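Let us walk through this model together, one feature at a time. Keep the sequence and the 3D view open as you read.

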Amino acid sequence: MNFPKNLTLFFLLGILSILAGIIYSIILITENSAEDSLLGIYILMGLIPVSLVILIDRLFVRKFGNQKVNKVQFSFLLFIILLWIVRAIANLFV
């Protein structure tokens with residue numbers, strides 16, 4: 001099984017966010033207040049796009065290979081970080 005060789009950035013982050021989201025939403029749903037239960041349900045609904053990203057990631061890994069997909073994902077992550085830095089600098093001057 002080539003599972004450790006096929007790990008990508010979005011796959012690892014997606015699995016970690018799904019685990020954390022499920023655990024946290026279970027804690028919130030079992031609380032007494034309606035607001036906490038509703039927040040737990042919202043977190044569970046937010047896991048649907050994460051699951052779709054993981055599914056698309058696995059399809060791309062199967063088609064293009066692990067290394068090419070990782071390069072694209074890291075460049076996408078660096079672009080998002082660059083946008084956050086530009087926003088932080090722009091907020092300093094406003």
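**A pocket, a patch and a salt bridge**

The lining of the largest pocket is made up of eight nonpolar residues, one polar residue and two charged ones. In this count, Ala, Val, Leu, Ile, Met, Phe, Trp, Tyr, Cys and Pro are nonpolar, Asp, Glu, Lys and Arg are charged, and the others, Gly among them, are polar. Before we go on, please note that this is a predicted model, in which local features need pLDDT of at least 70 and side-chain atom pairs count only at pLDDT 80 or more, while totals for chains, interfaces and linings use all residues. Residues are numbered from 1 along each chain as its sequence is written, and side-chain values use heavy atoms, with hydrogens and water left out.

Which residues line the largest pocket? They are Phe10, Val53, Ile56, Asp57, Phe60, Phe64, Lys68, Val69, Val72, Gln73 and Phe76. Helix 2 and helix 3 (66–92) are the elements that give two or more residues to this lining. Helices here are DSSP runs (H or I, at least four residues), numbered from the N terminus. The volume of the largest pocket is about 210 Å³, taken as the space filled by probe spheres set on grid points that are joined across faces, edges and corners. A pocket is an open set of points on a 1 Å grid over the protein atoms alone, where a 1.4 Å probe fits, with protein on both sides within 12 Å along at least five of seven lines; lining residues have an atom within 4 Å of a point.

Asp57, one of the lining residues, also takes part in a salt bridge with Arg58, at 3.2 Å from N to O. The term salt bridge stands for a side-chain nitrogen of Lys or Arg within 4 Å of a carboxyl oxygen of Asp or Glu. A search of the whole structure finds one salt bridge. Are its two partners buried or exposed? Asp57 counts as buried because its relative accessibility is 2%, whereas Arg58 counts as partly exposed because its value is 24%. The cut-offs are under 20% relative accessible area for buried, over 50% for exposed, and partly exposed in between (1.4 Å probe, protein chains only). Arg58 belongs to helix 2, and its C-alpha atom is 9.6 Å from that of Phe10, 48 residues away along the chain.

Now turn to the surface. Ile22, Ile26, Ile29, Ile41, Leu44, Met45, Ile48, Leu52, Leu55 and Leu59 form a nonpolar patch there, with about 900 Å² of accessible area together. Helix 1 (9–29) and helix 2 (34–64) each give two or more residues to the patch, and helix 2 gives the most, with seven. Patch members have over 30% relative accessible area and no salt bridge, and nonpolar side chains (Val, Leu, Ile, Met, Phe, Trp, Tyr) are joined within 5 Å, like charges within 9 Å. The areas come from the Shrake-Rupley method with a 1.4 Å probe, and for residues only the protein chains shown count as cover. Ile29 is found in helix 1 and is partly exposed, at 35%.

Finally, Thr30 sits in the loop between helix 1 and helix 2 and counts as exposed, at 59% relative accessibility.
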